[in-house]
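Here is a brief report on one protein model. It starts from a single residue and then widens to the whole chain.

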Amino acid sequence: MHQEQQHSFVFGGDYNPEQWPESVWAEDVRLMREAHVNRVTVGVFSWSSLEPEEGRYDFGWLDTVMDLMHANGIGVVLATPTASPPPWFTFAHPEALPVTADGVRLVHGSRDTYNPAAPAYREAARRIAGALADRYGRHPALTMWHVHNEYGTVSYGPETDRAFRLWLADRYGDIAALNETWNSAFWSQKYSTFEHVLAPQATQYLPNPAHLLDFKRFSADTLRDALREQVAIVRAASPGVPVTTNFMLPSWNHYDQWDVAAEIDEVSIDHYPNARDIEGETHVAFGADLARSFNRGRPWVLMEQATSLIYDYAAARLFAKDPGRLARNTLQYLARGATGSLFFQWRSPRVGAEFFHSPMVPHAGEDSRVFREIVALGHTLSALAEIAEPPAAGRRVNDTRVAIVWDSTAWWASETKAMPSDDLAFLPAVRAVHRALWWQGIASDVVRLDQDLSGYDLVLVPSKIAASDAEAAALAAFVDAGGHAAIWYFAGSTDENLSVRPGGFSGAFAPLAGIRVEEHHPLAADEGIELSDGSLADAWAEYLQALGAEVLATFTHPPLAGRPAITRNRLGAGTVHYLATRLDAAALREHLARIAAEAGVTPDHPEAGNGVEIVRRYAGDGSYLFVFNHGTTPRTLDLTGHDLLRDRTLDGPVEVPPAGYLVLR
Ligand code: GLA
């Protein structure tokens, strides 16, 4: 296994030498050394170059690359190439091709052309992973295994139907239990045998939400099982070498992040935030906080980010990052616990689907702004190497007192098509809460309700449509022990299988909140409302009764005028807030500030907030403050410590320009 000389941040990117003649490899190594690159990810989509025909391997080029990297002190994150089966696979195993919900069988020509439930695919994936593990499992350049790339394929069709039925039979035991849970008497969907159940392909009208939810669970388990098989293979060949798989975050929910994290040694993420404004900065923090949380507070790997041009699918174009942003964003990830930064990718392909996505060595070559920024960043990371040292004791990042509940079942539930409003979406609700805290300089983790919550003062529960009895009990126990909670509209309205809880919506949490929700009053897409305290809101309203809770604000629009909109229930030392509408960003910030203050939570640093991001990372016996001014005007901040990037000691006011940052020991 590759040995590090000392503690250092990892720095490098996806490297695809098989796309270039060997003459370019020498230049690659020269430029990598110039930029202080110490890590490359190799082989992510190399299946057709490694196994050009079924069972015939060509490892010559990879042998040379592994040795070349080792000779130059560059560690290799070796990927299994299973996200992109070669064309021969498609012809040999047409049944393993993915099928869309509309029944269209896809063909090769892009990537991810496989059905993860197809035995032929799984077998081929195990075989190539095994061949790589045998050959490189003890290679001195190997620093980490990277299984697959962004597990995220969902497929329908006969292979899936077969696997789905087995999964259902295992979950329910007999068909009557499935019929009961799905309430399949509705619209005459009662099944007489598991053999008649199909994966939920396109239907005439709305499908059964419980069926959809189980299919999402099945798909997630299928991906997790595919991962698990490969992890076992590479682990057996390389004791002690960590294994990861890269999460596409936070936009994908094809699997349960907690479940997948439990299968691997280190969580890694691919992160592509908006390149153009402060939304991107809040997104960096969000992605990093998710990764750290999924990895249970331990360091995590930034497997991919872009140097500049980055896809903006909504805008249907790529946008460039402003000069300096690549380094600033990288330090934001480091502040929040990353082990360093890798980029997608080292060098752009001459041609290929992503040839205009920005790499470390652009088409313009080494004489370019981007490569100069990469070289400068490599030097900066070397200068900050002491921060890569693990902390002598305790946590690595801020003493986070606030937790936001992150739950795949809730996210999947919000996508089951029969919900009373599209505005019940999970991810935007979680993101809005995280962003509102960020603006106040308050760090947060994400948690699931069945984990130990005792280290937190405040637990926030936005858009958690489905909640089990055990989850409701866990939140109640947290509040009982003096914890504070805030619950948003509709949360806990159904159980974990999407059956509505009787007696009023938000039933899992309503007794805790001291409320009853009798009726929903979803708002139109363009409808805004104002609450009695002046808060602006949209999307959603409810006919709410306070049963013991104090009313903090009421609706003012008919027919709900005068009825509670925001309530607070005091239970011993704890409180439970309920928010029956979607507050706009300003009102959400204000209410969260109040809720946090009541819970005794203060910003992580007195100067943090309003676009100033300050995060403390622990290393060795000490700690380091990462300070960023994301605003558009200079900010004078009261800071103490040794400024590592400018080698000066600060003890008092210092002006930080817009887009400026400091790292203080
Ligand atoms: C993902 C993939 C990469 C590449 C980048 C481009 O995260 O893992 O292969 O497609 O996106 O943005």
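## A side chain and a backbone nitrogen

Which backbone nitrogen does the side chain of D604 reach? The model is predicted. In it, the D604 side chain comes to 2.8 Å from the backbone nitrogen of A443.

## Surroundings of D604

D604 sits in a loop. That loop runs between helix α17 (585-598) and strand β24 (612-619). Setting aside neighbours within four places in sequence, D604 contacts N398, G441, I442, A443 and I614.

I614 is 10 residues from D604 along the chain. Their C-alpha atoms are 7.3 Å apart. D604 has a relative accessible area of 30%, so it counts as partly exposed.

## Overall fold

The protein has 665 residues. Its secondary structure comprises 17 helices and 28 strands. The C-alpha trace spans about 75 × 75 × 45 Å along its principal axes.

The radius of gyration is 26 Å. A compact globule with 665 residues would have a value near 26 Å, so the two agree. Take the contacts between residues at least 6 apart in sequence: 71% of them join residues at least 24 apart.

## Burial, surface and charge

Of the 665 residues, 59% count as buried. The protein exposes about 25,500 Å². Carbon and sulfur atoms supply 51% of that area.

Charged side chains number 55 positive and 83 negative. The centres of these two sets lie 1 Å apart.

Terms used. Residues are numbered from 1 along each chain as its sequence is written. This is a predicted model: local features need pLDDT of at least 70, side-chain atom pairs count only at pLDDT 80 or more; totals for chains, interfaces and linings use all residues. Side-chain values use heavy atoms; hydrogens and water are left out. Helices (H or I, at least four residues) and strands (E, at least two) are DSSP runs, numbered from the N terminus. Buried means under 20% relative accessible area, exposed over 50%, partly exposed in between (1.4 Å probe, protein chains only). Contact means heavy atoms within 4.5 Å. A polar contact is a pair of N or O atoms within 3.5 Å; within protein, one must be able to donate a hydrogen and the other to accept it, and residues adjacent in sequence count only if both atoms are side-chain atoms. The radius of gyration is taken over C-alpha atoms; the globule rule is 2.2 Å times the number of residues to the power 0.38. Accessible areas come from the Shrake-Rupley method with a 1.4 Å probe; for residues, only the protein chains shown count as cover. Lys and Arg count as positive and Asp and Glu as negative; His and the chain ends are not counted. The place of a charge is taken as NZ of Lys, CZ of Arg, CG of Asp or CD of Glu.
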